[in-house]
Amino acid sequence: MWEYSEKVLEHYRHPRNVGKIDDADLIGEAGSLACGDSLKLYLKLDGNVIKDAKFQTFGCGSAVASSSILTEMIIGKTLEEAKKITNKDIADELGGLPQEKMHCSVMGQEALEDALKKYYGEDVIEEELGVSPSGDKIVCTCFNVTENQIWEAIKINNLKTVEEVTNYTKAGGACGRCRGVIKDIIDTYLKKEGHAPQLTQTQKILKISKVIDQQISPQLQKDGGDIELVDVVGNTVQVKLTGVCSGCKNAAMTLKSFVESVLKDKVDANLEVEQV
Ligand code: FES
């Protein structure tokens with residue numbers, strides 16, 4: 001069962017600004033009924049200030065709460081200020097949302113962007129978001145999610161796994177056919193940002209083994225010792241010190257200051273080494 005903040009429950013039970021503005025200046029839409037939820041956002045402007053905002057949504061309680069709080073957040077703001085609002089701001093304003101419901105805050109942001117694109121033009125908004133290199137093609141046909149939407153969710157929310165992308169965009173949450181492409185988008189983004197792509201557990205074990213064989217073991221052998229990789233459980237690397245290292249009173253220090261620091265540096269900063 002998901003835990004909801006008091007503010008989410010309050011906006012779900014008493015949503016603000018529900019309805020339609022007949023003479024709206026801008027209208028933004030996100031989601032689709034076929035995909036389970038949708039949002040239509042109406043904006044009335046006074047110059048470049050959002051004088052009124054209303055919404056119509058079909059979705060769960062989190063979608064209602066996200067849409068409701070979004071209207072409160074944007075009324076009185078200039079369009080420039082509204083342009084800076086992200087799904088993370090919407091979720092934060094609600095006191096947080098369960099990970100599995102973060103896509104509701106994303107739907108709010110997308111409806112706002114859709115409305116603003118009609119004012120600023122598509123290119124301006126997309127340039128500011130830093131869209132993906134290969135454009136706006138549909139990646140997840142089950143939920144109609146584009147590559148740009150996935151790219152943007154990764155960027156704003158610092159997402160690193162396919163499961164997180166599914167929680168934030170729904171992409172990958174049905175037949176699963178698109179999960180490989182989502183993983184590629186995550187890796188491309190991380191690479192572009194200068195981060196090493198997330199390794200699978202098998203890739204991680206192979207890399208650890210290689211670093212031990214090529215960089216750690218030769219150093220220990222110089223002093224008559226050695227090391228064997230026993231297992232990798234999550235981020236814990238289980239090793240066995242051999243030769244003179246096995247009885248060495250500085251074994252614990254060798255593990256932390258040398259073995260662990262090399263593995264953290266070369267493979268993954270989250271690794272910890274344990275002697276078994
Ligand atoms: S194509 Fe993405 S879940 Fe089916």
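Reading the overall form, sheet and helix packing

Me: What radius of gyration would a compact globule of 276 residues have, and what does the protein chain have?

Reply: The radius of gyration is taken over C-alpha atoms, and the globule rule is 2.2 Å times the number of residues to the power 0.38. A compact globule of 276 residues would come out near 19 Å, whereas the protein chain has 25 Å. Its C-alpha atoms fill a box of roughly 80 × 40 × 35 Å along the principal axes. The model is a predicted one, in which local features need pLDDT of at least 70 and side-chain atom pairs count only at pLDDT 80 or more, while totals for chains, interfaces and linings use all residues. Residues are numbered from 1 along each chain as its sequence is written.

Me: Into which domains is the protein chain divided?

Reply: Domain bounds come from an automatic or database domain assignment. Here they give domain 1 (1-120), domain 2 (130-198) and domain 3 (201-275). The C-alpha centres of domain 1 and domain 3 are 50 Å apart.

Me: How many helices and strands does the secondary structure come to?

Reply: Helices (H or I, at least four residues) and strands (E, at least two) are DSSP runs, numbered from the N terminus. The protein chain has 11 helices and 8 strands.

Me: What is the strand order in the open sheet of 3 strands?

Reply: Strands of a sheet pair through backbone hydrogen bonds, either parallel or antiparallel. Two strands count as paired if DSSP finds at least two bridges between them. The order in this open sheet is β6-β7-β8, with mixed pairing. β6 (225-233) and β8 (272-275) each have a single partner strand and stand at the edges, so one side of each lacks a neighbour in the sheet. The twist averages 35 degrees from one strand to the next. Strand β7 (residues 236-243) and β8 run parallel, joined by 4 bridges; T236 has E272 in β8 as its bridge partner.

Me: Which strands does helix α11 touch?

Reply: Two residues are in contact if their C-beta atoms, placed from the backbone, lie within 7 Å. Axes are lines fitted to C-alpha atoms, for helices over the stretch in contact, and angles run from 0 to 180 degrees between N-to-C directions. Helix α11 (residues 251-266) packs on the sheet and touches β6, β7 and β8; its direction makes about 145 degrees with that of β8.

Me: At what angle do helix α5 and helix α8 pack?

Reply: Helix α5 (residues 102-120) and helix α8 (residues 162-169) pack at about 55 degrees, their axes 5 Å apart. M102, H103 and V106 of α5 meet N167, Y168 and T169 of α8.
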